[in-house]
Amino acid sequence: MLNGRRVPLTLAFAGLILVAFGAGCRGFFVKPTLSSITVTPATATLQTGSTGNTQQYTAFGTFNDGSTGSPAVTWTSSDPTVATVTAGGLATSVATGTATITATATQNPTIKGTGQLTVTVGCIQSITLNPASTVTLSVSIQGQNTVPITAQATTCNGAVYITSTATWTSSNPSVAIVNGGVVTALAPGSTSITASAGGIVSPATPVNVNP
């Protein structure tokens, strides 16, 4: 009688051991949780028009066990009037300006990654400044220590003002600096101002600064 019961009891005991062992080992197989998201590229520049106007963004996830992967994310643009982005992370330019492209984890919306996008005028053939002739400023005379300069790009789609989006340069920033096309005198001397965009640099506007 007792011998007849040993087999089922032994099997039951073995089953309990396996269950306990499985429960104890389950911790080794816990699914890692997402810790952070990195968006690439971190910065990108697109052009308006039909060429050079898209950028594919990718989200890389880092998990709490140190592993990496591609988490499920939702893509958004901070300014759809500048650039839109698809559910797959493809950004397309709309108009000049800047926008932030964000990837938000679908399972934990508090985890996000961002990339910065700048949209410039595309198909630029030349850039002209106005005024183009020599400008004279004075350090000490109020109202004569600054001057605005505008930049206009000639493109395959017509003329476009790029004053606010161009990259401005002063050849001698100790004499005068330029910010968004506004030249400010700092010290007597001479310098020249240029604007660039899309790999094209404008002819320089000379600037003389008097005391």
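**Strand pairing, burial and a disulfide in a predicted model**

Strands S13, S18 and S17 form, in that order, an open three-stranded sheet with antiparallel pairing. Its edge strands are S13 (146-148) and S17 (176-179), each of which pairs on one side only. Neighbouring strands of this sheet are turned against each other by 20 degrees on average, direction ignored; axes are lines fitted to C-alpha atoms, for helices over the stretch in contact, and angles run from 0 to 180 degrees between N-to-C directions. S17 pairs with S18 (residues 182-185) in the antiparallel sense over four bridges, and Ala185 in S18 is the bridge partner of Ala176. Two strands are taken to pair if DSSP finds at least two bridges between them.

The model is predicted: local features need pLDDT of at least 70 and side-chain atom pairs count only at pLDDT 80 or more, whereas totals for chains, interfaces and linings use all residues. Residues are numbered from 1 along each chain as its sequence is written, and side-chain values use heavy atoms, with hydrogens and water left out.

The protein chain has one helix and 21 strands (DSSP runs numbered from the N terminus; helices are H or I of at least four residues, strands E of at least two). Of its 211 residues, 32% are buried (buried, under 20% relative accessible area; exposed, over 50%; partly exposed, in between; 1.4 Å probe, protein chains only). Among contacts (heavy atoms within 4.5 Å) between residues at least 6 apart in sequence, 52% join residues at least 24 apart.

S2 pairs with strand S10 (residues 112-120) in the parallel sense over five bridges, and Thr43 stands opposite Gln116 of S10.

Thr104 lies in strand S9 (residues 97-105) and counts as buried because its relative accessibility is 15%. Neighbours within four places in sequence aside, Thr104 is in contact with Ala72, Val73, Thr74, Pro109, Ile111 and Lys112.

One disulfide is counted, defined as a pair of cysteine sulfur atoms within 2.5 Å. The sulfur atoms of Cys123 and Cys156, which form this disulfide, are 1.9 Å apart. The pair links distant parts of the chain, 33 residues apart: Cys123 is in the loop between S10 and strand S11 (124-130), and Cys156 in the loop between strand S14 (150-155) and strand S15 (158-161). Cys123 counts as partly exposed because its relative accessibility is 32%; Cys156 is partly exposed, with a relative accessible area of 44%.
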